[in-house]
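Have the viewer open as you read.

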Amino acid sequence: MPPAPLFCHRPAELAPAGGTGFLGVEPEAEPERGRTPVRVTVCELPNGSEAFQSAWDRLCAHTAGASTDLVLLPEMPFAPWLAGDRPGPEADVAQRWARAVEDHERWIGRLGDLEAVVVSGTRPVVLGGRRLNQAFVWTRASGAVPLHEKRYLPEEEGFWEAGWYDRGD
C-alpha cells in the first residue's frame, strides 16, 4: 500500500484585522487578538505515481472538512519529479518538460476541487524560450498568478535542477 499523503493543518495569523486580507480575501476577523486567523494545509503528495489520484481525493476531502483557507502544495506536484534524473539529450529534456507543463496546466484547472480560498505551489513553464520553475498563487477569482521563478538551482544527486531548467531572474 502506498504511503498516505501527509496533511498538516493549523491556524496561522497572516493579516491584521480590519486590513486587507491575504490576496484581498477577507476571512472572519478576531478583533480581540488583532489578527485574522487563516487555516493552512501543507501537504506531501506521491510523486507522479498511480497513487496520486487517490491522494488528491483525500487532500480534497481534508481541505473541505478542515475549512482550509490556504493550501501549500509541494514543488511541481503534478508530474514526475524530472530533476530526480540527470538530464539526457536536449530533445528528451524538452519533450519531458513540455509534458510536465501540460500536466500542470490540466491539474491547475482542478485546484477548485480543494475548496480552499488560496492555493500556492510551483509549476514548470516556458517563458521566452527558457524552461523555469515558477511559483504561483491561485484563487477562484484570479486563477494561477505567477509570483517568481526559482533562482537557486541545485545540481546534486536527486536534484539535477540546473540541468533541467534555467535560473529565474
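Which exposed residues does the face of H1 turned away from its buried side carry? They are Ala 61 and Gly 65, where exposed means over 50% relative accessible area, buried under 20% and partly exposed in between (1.4 Å probe, protein chains only).

Some ground rules before going on. This is a predicted model, so local features need pLDDT of at least 70 and side-chain atom pairs count only at pLDDT 80 or more, while totals for chains, interfaces and linings use all residues. Residues are numbered from 1 along each chain as its sequence is written, and side-chain values use heavy atoms, with hydrogens and water left out.

**The two helices**

Helices (H or I, at least four residues) and strands (E, at least two) are DSSP runs, numbered from the N terminus.

On H1, the buried set is Phe 52, Ala 55, Trp 56, Leu 59, Cys 60 and Thr 63. These cover an arc (taken from the directions from the helix axis to the C-beta atoms) of only 145 degrees, which puts them on the same side of H1. After the helix comes Ser 67, with a positive phi near 50 degrees.

H2 buries Val 93, Trp 97, Ala 100, Val 101, Asp 103, His 104, Trp 107 and Ile 108. Seen down the axis, they fall within an arc of 165 degrees, so they line one face of H2. Turned away from that buried side are the exposed Ala 91, Glu 102, Glu 105 and Arg 106.

**The cores**

A nonpolar core here is a set of buried Ala, Val, Leu, Ile, Met, Phe, Trp, Tyr and Cys residues joined through side-chain atoms within 4.5 Å. The largest one has 18 residues, and Trp 56, Leu 73, Phe 78, Leu 111, Leu 114 and Val 119 have the most contacts inside it. H1 gives this core its largest share, five residues. Apart from it lies another core of 13 residues, including Ala 83, Val 93, Trp 97 and Leu 153.

Trp 56 touches (heavy atoms within 4.5 Å) Phe 78, Trp 107, Arg 110, Leu 111, Asp 113 and Leu 114, not counting residues up to four places away in sequence.

**The hairpin**

Strands E5 (130-139) and E6 (143-149) pair (at least two DSSP bridges) in the antiparallel sense over six bridges. They form a hairpin with three residues between them, and Phe 136 stands opposite Pro 146 in E6.
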